[in-house]
Protein chains: 2
Amino acid sequence: MKDRFLRACRREPVDRTPVWFMRQAGRYMPEYREIRARHSLLDICRSPELATIVTLQPVRRIDVDAAILFSDLLLPLEPMGIPFDFVRGEGPAIENPIRSEADIDRLKCFEPREALSHVLEAIRMIRKELDGDVPLIGFGGAPFTLASYAIEGGHSNNFALTKAMMYSNPKAWHRFCDMLGSLVGEYMRAQVEAGVQCVQIFDSWVGTLNSADYREFVFPHTKKIFDLLETSGVPTIHFGTGTAAILRDQRDAGGDVIGADWRIPLDEAWERIGSDRAIQGNLDPTLLLAPLDRMLSAADEVLRRAAGRPGHIFNLGHGILPTTPVEHVQALAHHVHRYRLAHV
Amino acid sequence: MKDRFLRACRREPVDRTPVWFMRQAGRYMPEYREIRARHSLLDICRSPELATIVTLQPVRRIDVDAAILFSDLLLPLEPMGIPFDFVRGEGPAIENPIRSEADIDRLKCFEPREALSHVLEAIRMIRKELDGDVPLIGFGGAPFTLASYAIEGGHSNNFALTKAMMYSNPKAWHRFCDMLGSLVGEYMRAQVEAGVQCVQIFDSWVGTLNSADYREFVFPHTKKIFDLLETSGVPTIHFGTGTAAILRDQRDAGGDVIGADWRIPLDEAWERIGSDRAIQGNLDPTLLLAPLDRMLSAADEVLRRAAGRPGHIFNLGHGILPTTPVEHVQALAHHVHRYRLAHV
């Protein structure tokens with residue numbers, strides 16, 4: 001097995017900087033679009049066979065050092081009693097958003113090994129298909145990001161409803177997030193039991209909060225997930241965007257690896273995170289829409305700022321965009337692997 | 001005239017911290033909604049009488065230390081040859097977005113004193129109506145933010161098309177932004193001639209860039225606006241959101257006052273900006289949806305971090321949200337004025 005990804009998570013020296021991409025299975029690939037032409041996003045998430053096929057697509061085409069389970073952050077919402085769907089071109093739509101304490105009263109706890117058994121089955125199938133080639137990353141949504149979808153009813157620009165609940169009814173907010181933290185933590189443990197070799201917690205939208213609000217409203221619930229994963233034996237990644245001002249708080253909440261986006265230079269981000277953690281990032285995904293030479297020189301800049309220090313996993317600052325040329329993703333992975341590390 | 005706002009812009013001691021709010025004239029006010037029920041947003045912007053009425057509404061109701069011209073950032077796009085409209089609930093929509101060099105070739109320069117004379121007429125009317133009560137702020141969009149609307153065709157989450165042009169065709173990008181910088185600079189000078197006593201440049205979406213890209217693609221064009229304003233004799237404000245990582249670059253581009261949003265504590269932001277500039281901010285606008293005591297204690301925290309140092313203008317980190325209770329805006333302005341400054 002290519003072990004550079006897991007070694008980097010543990011800050012052990014590696015022969016080459018490991019690389020994988022958020023949304024490495026996705027609409028930029030013709031073979032993915034072919035499947036999506038016949039199946040909805042939720043169909044793929046709910047079918048272990050389809051999820052396996054799609055998860056493996058980038059592993060066959062791109063020289064990545066890890067596979068990531070094809071799934072969606074929102075899956076745990078449905079068995080909680082928050083059904084949703086994906087509206088073409090508009091992202092997730094939640095039929096009955098959470099707006100009151102009564103809405104929270106109605107929510108159900110669930111056993112992920114039953115309610116989300118299809119995901120665990122997909123993990124087992126993917127592990128078999130990968131046959132030890134590269135490690136498999138599992139993932140889940142962090143409480144803030146999940147709660148924001150559930151409360152706003154979909155994507156939001158200002159998170160006004162989410163923050164209004166947070167500030168106006170902290171008791172309800174904490175109850176909801178505590179529930180989300182417990183469920184996601186247990187779901188992540190179930191993913192590890194099924195075979196994932198690393199877990200990434202996506203707190204994609206938490207960068208809308210400042211440090212004080214993060215500490216009060218998010219920290220205990222996200223920390224709970226990492227605490228629940230502590231005995232699982234697999235490394236964990238803690239990801240967010242726009243987090244320049246809260247990287248230290250996220251580190252304190254947990255994660256062997258902390259994600260940083262392109263808004264902050266990698267070396268500055270690593271300094272804030274601390275040298276006792278690994279770092280993942282941080283190329284702007286829009287650079288993959290640029291001419292090859294600009295993309296590669298920007299990648300070199302990221303690698304240069306990592307200074308060959310063990311513990312850097314190359315990735316984008318957010319997911320691959322649908323209009324990205326496949327050849328650019330391929331060229332980028334090759335380029336990262338060709339980069340000569342100072343310590344080898 | 002209440003002069004605390006202009007004094008604070010110049011970092012002179014004030015009796016009370018001056019306060020005004022972005023979007024202080026807006027949908028949260030019943031009297032504004034009444035006018036909007038009969039007139040479109042563009043109708044109001046194009047009618048000096050209506051723009052005057054709406055600009056004055058918050059000055060009559062809320063204890064603010066400045067009025068801000070009611071207008072829209074996008075107005076200069078139309079006379080350049082980029083028509084647009086506002087789609088209810090969806091924000092601006094540009095019919096033919098700028099996507100190629102040929103699109104830029106077709107653009108026209110214009111004389112703001114002719115093409116936007118209705119705005120200048122509104123300024124003269126507002127100054128007359130204000131009768132020296134509070135100073136009047138004019139404003140314009142910064143090249144990056146204006147270009148992003150023109151290229152994306154409206155709001156964007158990832159600015160993929162904008163950055164794709166920036167990276168793939170820097171020549172075209174710089175030509176477009178140079179044109180925007182010159183036109184907005186001249187438009188701002190025309191606003192000053194017509195009577196505005198301060199100018200705020202909105203680079204609302206520039207926080208999506210990192211420092212290196214800001215320096216290469218934005219800095220010279222935004223700087224040009226501030227350079228053009230240098231001899232105008234009025235103080236200037238430079239505003240953006242999500243800018244924790246580029247505050248120093250924005251300061252170098254210009255502005256007597258630099259805006260900071262809620263994601264970074266005010267004192268940290270001021271340290272990055274430097275003590276030779278004033279600062280504006282930085283309460284999270286969603287806090288106005290919170291219970292009064294939480295809103296006020298968060299405001300105290302902002303004031304405390306300003307440490308009574310001359311040069312702080314209290315504002316939100318972005319515009320007032322449409323669902324904000326008017327009484328909260330009133331209470332906040334009163335509260336800021338009651339805060340006892342250390343240096344008086």
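Predicted model: local features only at pLDDT ≥ 70, side-chain atom pairs only at ≥ 80, totals over all residues.
Helix H9 (residues 143-152) of chain B and helix H11 (residues 170-194) of chain B have axes that come within 9 Å. These axes cross at roughly 120°. That angle is why H9(B) counts as oblique to H11(B). The crossing of the two helices is right-handed.

Which residues make the contact between H9(B) and H11(B)? From H9(B) come Pro143(B), Leu146(B) and Ala147(B). They meet Phe176(B), Cys177(B), Leu180(B) and Gly181(B) of H11(B). Sorted by class, the residues of this contact are six nonpolar, one polar and no charged.

Now turn to the place where the chains touch. Here 23 residues of chain A are in contact with 23 residues of chain B. On the chain A side, the largest share comes from helix H10 (residues 160-168) of chain A, with five residues. The side of chain A that touches chain B holds 14 nonpolar residues. It also has six polar and three charged ones.

Next comes the interior. Nonpolar side chains tend to be buried together in soluble globular proteins. In this model, the largest nonpolar core has 235 residues. Which residues have the most contacts inside that core? They are Leu69(A) and Leu69(B). Look at Leu69(A) and its surroundings.

Some details of the backbone deserve a look. Where does chain A have a cis peptide bond? One runs from Gly281(A) to Asn282(A), with omega near -5°. Asn282(A) sits in strand E8 (residues 278-283) of chain A. In chain B, a cis peptide bond joins Gly281(B) and Asn282(B), with omega about -5°. Asn282(B) lies in strand E8 (residues 278-283) of chain B.

Last, consider Asp131. Asp131(A) is not a glycine, yet its phi is positive, about 50°. Asp131(A) lies in the loop between helix H8 (117-130) and strand E4 (136-141) of chain A. Is Asp131(A) buried or exposed? Asp131(A) has 7 within 10 Å, so it is exposed. In chain B, Asp131(B) has a positive phi of about 50°, again without being a glycine. Its place is the loop between helix H8 (117-130) and strand E4 (136-141) of chain B. Asp131(B) counts as exposed because it has 7 C-beta neighbours inside 10 Å.

How values were computed: Residues numbered from 1 in each chain as written. Chains lettered and ligands numbered in written order. Contact = placed C-beta atoms within 7 Å. Helix = DSSP H or I, 4+ residues; strand = E, 2+ residues; numbered from the N terminus. Nonpolar A, V, L, I, M, F, W, Y, C, P; charged D, E, K, R; others polar. Axes fitted to C-alpha atoms, helices over the stretch in contact; angles between N-to-C directions. Parallel < 35°, antiparallel > 145°, perpendicular 65-115°, else oblique. Left-handed = near helix turned anticlockwise from the far one by under 90°. Core = buried A, V, L, I, M, F, W, Y, C linked by C-beta atoms within 7 Å. Buried ≥ 20, exposed ≤ 12 C-beta atoms within 10 Å, placed from the backbone.
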